[in-house]
Amino acid sequence: MSRIGVFICHCGENIASTVDCESVAKSASEIPGVSFSIDYKYMCSDPGQSKIKNAIIEHKLNGVVVAACSPRMHEPTFRKACAEAGLNPYLCEMANIREHCSWVHPKGEETTFKAFEILRMLVEKVKRNTKLLPIKVPVTKTAIVLGGGVAGIQAALDIANAGHKVLMIEKDPSIGGHMAMLSETFPTLDCSQCILTPRMVEVAQHPNITLYNYAELESLDGFIGNFKARIRLKAKSVDPKICTACGVCWSKCPVKKIPDEFNTGLSKRTAIYVPFPQAVPNKPVIDRTQCTYFVKNGKCGVCKKLCPASAIDFETKDEIIEVNAGAVVVATGFEIKHTDFFPEYGYGRYKDVIDGLQFERLASASGPTLGEIKRPSDGKVPETIVFIACAGSRDKAKGIEYCSKICCMYTAKHAMLYKHKFHEGKAYVFYIDIRANGKNYDEFVRRTIEEDDVNYIRGRVSRIYESNGKLIVKGVDTLLNAQPVEIEADMVVLATAIVANADSESVAQKLHIGYDKHHFLSEAHPKLRPVETNTGGIFLAGACQAPKDIPESVSQGSAAASKVTILFSNDELTREPQVAFVNRTFPPQYSSCTGCLLCIPVCPYKAIEKEEIKNRNGEVVKTVAYVNGGLCQGCGTCVAFCRNKSIDIQGFTNEQMFTEVMALNF
Amino acid sequence: MEDFEPKLAAFVCNWCTYAGADLTGTSRMKYPSNVRILRFPCTGRIDFMLVMKAFDSGVDGLIVSGCHPNDCHYTSGNFHAQRRWVVFKEVLDIMGFDTRRIFFTWVSAAEGAKWAKVVTDAVEELKKLGPYSEFKKILLKKLQFPLDNKTADREIKTEPVIS
């Protein structure tokens, strides 16, 4: 028999000002099955909760309905109170008479009546509630860090230093990401490699970190604390354990004309290569799309013949390994817009129109020009450089409305570096607004303008064309009454927009996380949960979420790492028992499930499996569905699909929902 | 018909529309009190037998609302709900059910104002349509065989599902 207790909260004046709580409490006591009903000013307060606890004990209640605010607000509070009084927390339900009633309707009889009706529906539902026990799941204390850029490196080191195992997956032969390509970093102008490479080495040598370079995530299954990942280790063709990185192979490789990705195409590399001298791990791989041995069916093999350590093996194949992990940090980084995205700026036609990343390589001491700024076309030092900020960014016509955030700063840095290296040179910067909002950032830009004499022009460039070996930049100066400006430049640097990785969408789908319309990965809450995703146990770090500079990427890496260590501080996780289950009878062959298994394809979590019921001779007598409670997240899509209602979801069972619907009354 | 107050139920998902309706409350927007909100984990959970049962319980109209496409907390529940609705609507049309009384929509957790509008519009619409007293007749109507030609040759209407 039901002995339901009903507790109506005034919420100060929030509910009581439009709903007559006393009369609701009085009417509620007359609902069949309700044995106790009371109204109180603040149910969620300590005395309010004691009223619930005392009533549970005194009246031996076997169900509680609290009519107050939204269950999204205080359901855990009241369920906890019930549990403290010895009542199963899942026998407590909340009727939302604040957000859905008192706040949206004027004072009056109708509002009071609606509050009562909401309450009554929940009373009917709670009569059908059953005791549920929370599900405990173990936690695998290993984290996967996807991407070995600066954000990933920071996250991996922090997690590893906290004493947990880390598996780092990097798609390139070396970790380091975009930061390794940079020359100097704003606003301090310290050398990017000098601050990054020690950390890269630390990752490689850390006892808690396993580095899978030249590898990709194939798939991720499972749930928070218990992920199963398949990692594709791409065939390197070189055994890193034997290789001594002596360099014979790449100096003798006959395929020498491949555009070097690390130097953004400004230099050439060989088919067997180490991306850059400071690479970690510093072992070569063979690019099979370019190597003569693979392209022309075994005609070459020079490196194999010459390798003193016999480390080269052409027969190695892609290998797929399976690993278990408890959390994933996604730090897959970004790409910049390039190639033919700016036909009006002649990019792709004129060799001397380059993007910001190419300028970084030109300015880098380890770059193709050893740090001298030279034109890619003829190797001359440019006497006039025009920098164009917001190339693509903040441009609706280009489909990129957002600000790429770092361009203002790196353009100032580029102009400054150029002036430092070539004092007589003239530098012009076309900008829309200067957004230098970081510590010492604005001072840096001011220094560029005032001390280094860089000419800042507020306006946009309409066109660039070549004439007499010069690039004619046509723009407008909006601060000078929109006067047209024409500059004869030797080189033009476009601060092109930062965009999400081309494979961002497929990565998001593999990880079951969201992404925005620009394909940047979505955080769970833009302000309060900036590093979490909507999928438990998967965290974001760095520019895969939005354009970010280095300090921000590093802090987000650390933030994601701290979220992972919080998760790993427990041996077990408690999960809500709101999961699906298949009705089973005894003996099981009389279960109502007919084994149509329609529920398997609709389950977004692959939580439903086929189960064969066998007799004692081992013969299959019936096939039924089986729900893995650890994987099930409780959406209930299978319940709606089940033809004969054999599958049900705890907390929202068919019985409960039908009762609630049948209790509709107006 | 002026004083007719329609009875409206709303089947909403926990993660988007329920939270959106909470936001309507938090923002103190007003909407008619004719609606009763029922919380489901996901629109994918909504069995259309429940929809029928709601009309059986005497509602004049029903709102089914979940997360926007691609925003489903459970990845794809809202797509299942949408697909089911496309098929189910056809079945209801054949039965002679007035499908104008079911309002299928998306309201996200950030769209408190949209929720108020959805409810207000639905109430307005139902006031025009009047009480759904024919529903009982549909239940009692015997299926005639063969179906008359009008029903057999009916054109399949493809109306936009998302509102």
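Start in chain A, with two helices that touch. A:Val150, A:Ile153, A:Ala156 and A:Leu157 sit in α6(A), and they meet A:Leu196, A:Arg199, A:Met200, A:Glu202 and A:Val203 in α7(A). This contact of α6(A) with α7(A) has 7 nonpolar residues, no polar ones and 2 charged ones. Keep in mind that the whole model is predicted.

How do the two helices lie? Two packed helices are described by the angle between their axes and the distance between the axes. Here α6 covers residues 150-161 of chain A, and α7 covers residues 192-205 of chain A. They pack at an angle of about 50 degrees, and their axes are 10 Å apart. That angle makes α6(A) oblique to α7(A). The crossing of α6(A) past α7(A) is left-handed.

Now move to chain B. Chain B holds 6 helices and 4 strands. Chain B has 163 residues, and 46% of them count as buried. Take the contacts in chain B between residues at least 6 apart in sequence: 85% of these join residues at least 24 apart.

Next comes the sheet. In what order do the strands of chain B stand? The order is β2-β1-β3-β4 in an open sheet of 4 strands, and the pairing is parallel. β2 and β4 (102-106) of chain B are at the edges. Each has a single partner strand, so one side of each has no neighbour in the sheet. On average, neighbouring strands of this sheet are turned by 20 degrees against each other, direction ignored.

Look at one pair within the sheet. Strand β1 (residues 8-13) and strand β3 (residues 61-66) of chain B pair in the parallel sense, over 5 bridges.

35 residues of chain B are in contact with 35 residues of chain A. Which elements of chain B supply at least two residues each to the side that touches chain A? They are α1 (17-26), β2 (35-40), α2 (48-56) and α3 (77-95). The largest share, 6 residues, comes from α1(B). By kind, the residues on this side of chain B divide into 15 nonpolar, 12 polar and 8 charged.

Note on methods:
Residues are numbered from 1 along each chain as its sequence is written. Chains are lettered from A and ligands numbered from 1 in the order in which they are written. This is a predicted model: local features need pLDDT of at least 70, side-chain atom pairs count only at pLDDT 80 or more; totals for chains, interfaces and linings use all residues. Two residues are in contact if their C-beta atoms, placed from the backbone, lie within 7 Å. Ala, Val, Leu, Ile, Met, Phe, Trp, Tyr, Cys and Pro count as nonpolar, Asp, Glu, Lys and Arg as charged, and the others, Gly among them, as polar. Axes are lines fitted to C-alpha atoms, for helices over the stretch in contact, and angles run from 0 to 180 degrees between N-to-C directions. Angles under 35 degrees count as roughly parallel, over 145 as roughly antiparallel, 65 to 115 as roughly perpendicular and the rest as oblique. A crossing is left-handed if the near helix is turned anticlockwise from the far one by less than a right angle, and right-handed if clockwise. A residue is buried if 20 or more other C-beta atoms lie within 10 Å of its own, exposed if 12 or fewer, and partly exposed in between; C-beta atoms are placed from the backbone. Two strands pair if DSSP finds at least two bridges between them.
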